[in-house]
Amino acid sequence: MSPSQVNPRMSQEAVPDTPEERRSYLAEGHSLRSWLLTTDHKRIAILFMVAITFFFFCGGVAAALIRLDLLTPAPDLMSNDGYNRAFSLHGIIMVWFFLIPSIPTTFGNFLLPLMIGAKDLAFPRLNLASWYIFVLGGLFTLITVVAGGVDTGWTFYTPFSSTYSNGAVFLAITAVFISGFSSILTGINFIVTVHKLRCPGMTWGRLPLFVWSIYTTAIIFVLATPVLTITLVLVALERVFGLGIFDPALGGDPILFQHLFWFYSHPAVYIMVLPAMGVVSELITNAAHKQIFGYWFVAGSAIAIGVIGFMVWGHHMFVSGQSPYASAIFSFLSIVVAVPSAIKVYNWTATLHKGEIVIDGPLLYALGFIGLFTIGGLTGVMLAMIAADVHLTDTYFVVAHFHFIMVGGSVSAYFGALHFWWPKITGRLYNDMWARLAALLIFFGFVMTFAPQFVMGYEGMPRRYHVYPQVFQPLMVMSSVGSSVLAVAYVLPFFYLFWSLRYGKPAGPNPWGATGLEWTTPSPPPKDNFETVPVVDKEAYCYPEQGRAGEPQTQQAESVDA
Amino acid sequence: MPDARAVQPQFPTLERQNDADHFGMLLFLSTEVLIFGGVFAVAFTLRAEHADYAQASKQMHYWIGGINTGVLLTSSALVALMVEAVRAGRAKLAGWLLGGTIALGLVFLALKFTEYALEYRDGVVPILSDANLHGGVERLFMDLYFVATGLHALHVTVGLCLLGSLLWPFGRARRERTAVFAGNAALYWHLVDIVWVFLYPTLYLAR
């Protein structure tokens, strides 16, 4: 592979459609109807991409308002109530309408069938239904905004949410409730697809690691989301009819709400980060052009994170009044869950060791993920210590910690995936110099935004306040400036990626010399994905022994026609 | 009789497609189990926290609940026989068994709402008619009782619609020997049944 193919420049003139593009899934009708009634997993992935990008910007606007307001210690941009509504909306939109669906519904949808050699997901119509349900939920979120917003924070803690809040809590809960069914249906679809639609030769031990992590994520979707569903129903009933479930005035138990809520919402963190880990496994192996170090350890650690992740929810409640014995066990398990995450980080690093590394956009995003995720993960271990947590609960330290994982980690991986599979999705190569610039900007903008928050949190700055002591202003300003760098870095890819649609070089089936089955089919793939049913005879990441000098090979069996 | 179901393009064989449909339904039911799991978690926690929590259940018409348990278990047996009848190709027998299942499901709902009416008369319905609800804990119990049985009744209704769709518009599904749709509808009905088997002792019997 020539370096110019890895780092292409834009051509000066528009490149006309290639024969592959004229036969691809994108050419199967251009009407709105052909998109809105499609059952093609690739088109549904793009529908999801459009929807979550929209919500990413809605959540981003709320974040911008927050950071703008925090430039000064005085409440000069928003009222107290307005500030509460801004951060609640930011949380609700970013968690449920961007981060949770982000990688699974877009790249999971697009790539899962391609990677296992299937024509589509097991239930294509259910897949489309999942999108419509998601959009309906999103619509309710927008109605919530119009109705005056909600001031409970994204966690809807009772009895504030069920009794005292004067926001549109019922509408917000309805929005999240509806979007949960979208998650459940997507989860069921993915699990069944992985079990039933692997092509001949694609054994469990040959699955790409992205498939393993999407599979684990799907299991969490199916096993955690229903608990959130019933919890939200109970809160809504308490709020609307005044039933006593969580309301202490009626004998109910507000801590019970926290248990039920975090039983979903802690595994939900792994819904956000496991797919990102899957993406990074793909990006790192390709950048190093060699077999992943310890395939089964990386796959197994995804499962381990999924399993242990269900048993750590109590670490959100160390100061809520749960039993100290429970806290001790949750603390121990929360430390344990860091082990499989660390295994992954070590294995990625070992994969890069002595690899033939080409530093391109996708690799920089993946490295950004590893760096930010490691900081986020290590501070997570700090927070798992009860003694430290009592001091740090509800401070900016916690805010910085989960933003490092969920935004620093997962969003970097999302953009990494977008760059790595962009040629497959659209058939065009983008200008890699811009990609590298955007990746670096995201990393540094992010660190500038959230590193100061660790310091402020450690010094006692509580979260969810917009009036703060003068002494924190320099750090707050640094954070706000960093967030504007971050905003530029997030917007930048839209320009050069859309530019590439018209001016980019045609990618060819396998621009990176990668090994997955998705690279054996033309870019963009035809509607049925493969011309003939693929047969697999090699394990994942079967990069040639000679490295980049060798003939590129994929998992596809050589003599499939014979 | 040739199978009327067509293989969708993403599946290599019809058998694989049937497996997938069955597996998907089981996964969906696991989500339903977890939804009710939340209700049971609330019931057990509040019971552990309040010594006199189950006091209110002494006023319940446990005999109606008992009859309803029998009704629902019988209907579940009928629906299981219905699936076997479909597999054996005896569509007419399957139709009768299906009719029996639906009839018993309707009996369950009728009895359940009779019970609600009796509770309204007794003055133990929170908000609407709470003349005889003594103290907060009794109220707390009845709140959850109505949430749990109401949610269950909703699932009974959905199950009846699902089974009803086997009469019309999917009567064809009763003549398919693989019994994929009929089997899945029956599975859903079994879920409705098994949830009740746990709800009944939790709300009526464990005092």
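**Close-up views of a predicted two-chain model**

Helix α14(A) contributes nine residues to the lining of the largest pocket, the most of any element. This is a predicted model, in which local features need pLDDT of at least 70 and side-chain atom pairs count only at pLDDT 80 or more, while totals for chains, interfaces and linings use all residues. Residues are numbered from 1 along each chain as its sequence is written, chains are lettered from A and ligands numbered from 1 in the order in which they are written, and side-chain values use heavy atoms, with hydrogens and water left out.

**View 1. The largest pocket and its lining.** The volume of the largest pocket is about 1300 Å³. Its lining counts 49 residues, and A:H316, A:L383, A:V398, A:H401 and A:F402 are the ones nearest the centre. Two or more lining residues come from each of these elements of chain A: α5 (80–115), α10 (254–288), α13 (338–352), α14 (361–384) and α16 (396–426). By residue type, the lining holds 27 nonpolar, 17 polar and five charged residues. A pocket here is an open set of points on a 1 Å grid over the protein atoms alone, where a 1.4 Å probe fits, with protein on both sides within 12 Å along at least five of seven lines; lining residues have an atom within 4 Å of a point. Points are joined across faces, edges and corners, and the volume is the space filled by probe spheres set on them. Helices are DSSP runs (H or I) of at least four residues, numbered from the N terminus. Ala, Val, Leu, Ile, Met, Phe, Trp, Tyr, Cys and Pro count as nonpolar, Asp, Glu, Lys and Arg as charged, and the others, Gly among them, as polar.

View 2. A:F241 belongs to helix α9 (residues 209–241) of chain A, and its relative accessibility of 51% makes A:F241 exposed.

View 3. Most residues other than glycine have a negative phi, and most peptide bonds are trans. The bond from A:S523 to A:P524 is cis, with omega near -10°; A:P524 sits in the segment after α18 (473–503) of chain A. In chain B, a cis peptide bond with omega about 10° links B:W168 and B:P169, and B:P169 falls in the loop between α4 (135–167) and α5 (180–205). The loop between α4 and α5 of chain B also holds B:A179, whose phi is positive, about 55°, although it is not a glycine. B:A179 is buried, at 3% relative accessibility. A:H289, not a glycine either, has a positive phi of about 55°. A:H289 is found in the loop between α10 and α11 (295–308) of chain A and is buried at 7%.

**View 4. Salt bridges.** Side chains of opposite charge can pair when their charged atoms come close. With a salt bridge taken as a side-chain nitrogen of Lys or Arg within 4 Å of a carboxyl oxygen of Asp or Glu, the count over all chains is twelve. A:D432 pairs with A:R436, with 2.9 Å between the closest N and O atoms. Both lie in helix α17 (residues 432–458) of chain A, four residues apart, about one turn of the helix. A:D432 is buried at 0%, whereas A:R436 is partly exposed at 23%. A:K538 and A:D537 form a salt bridge at 3.1 Å, N to O; A:K538 is buried at 15% and A:D537 partly exposed at 40%. In chain B, the side chains of B:E176 and B:R172 meet at 3.4 Å, N to O, with B:E176 buried at 6% and B:R172 partly exposed at 47%. Shared partners also join A:D17, A:E21 and A:R428 into one salt-bridge network.

Methods
Buried means under 20% relative accessible area, exposed over 50%, partly exposed in between (1.4 Å probe, protein chains only).
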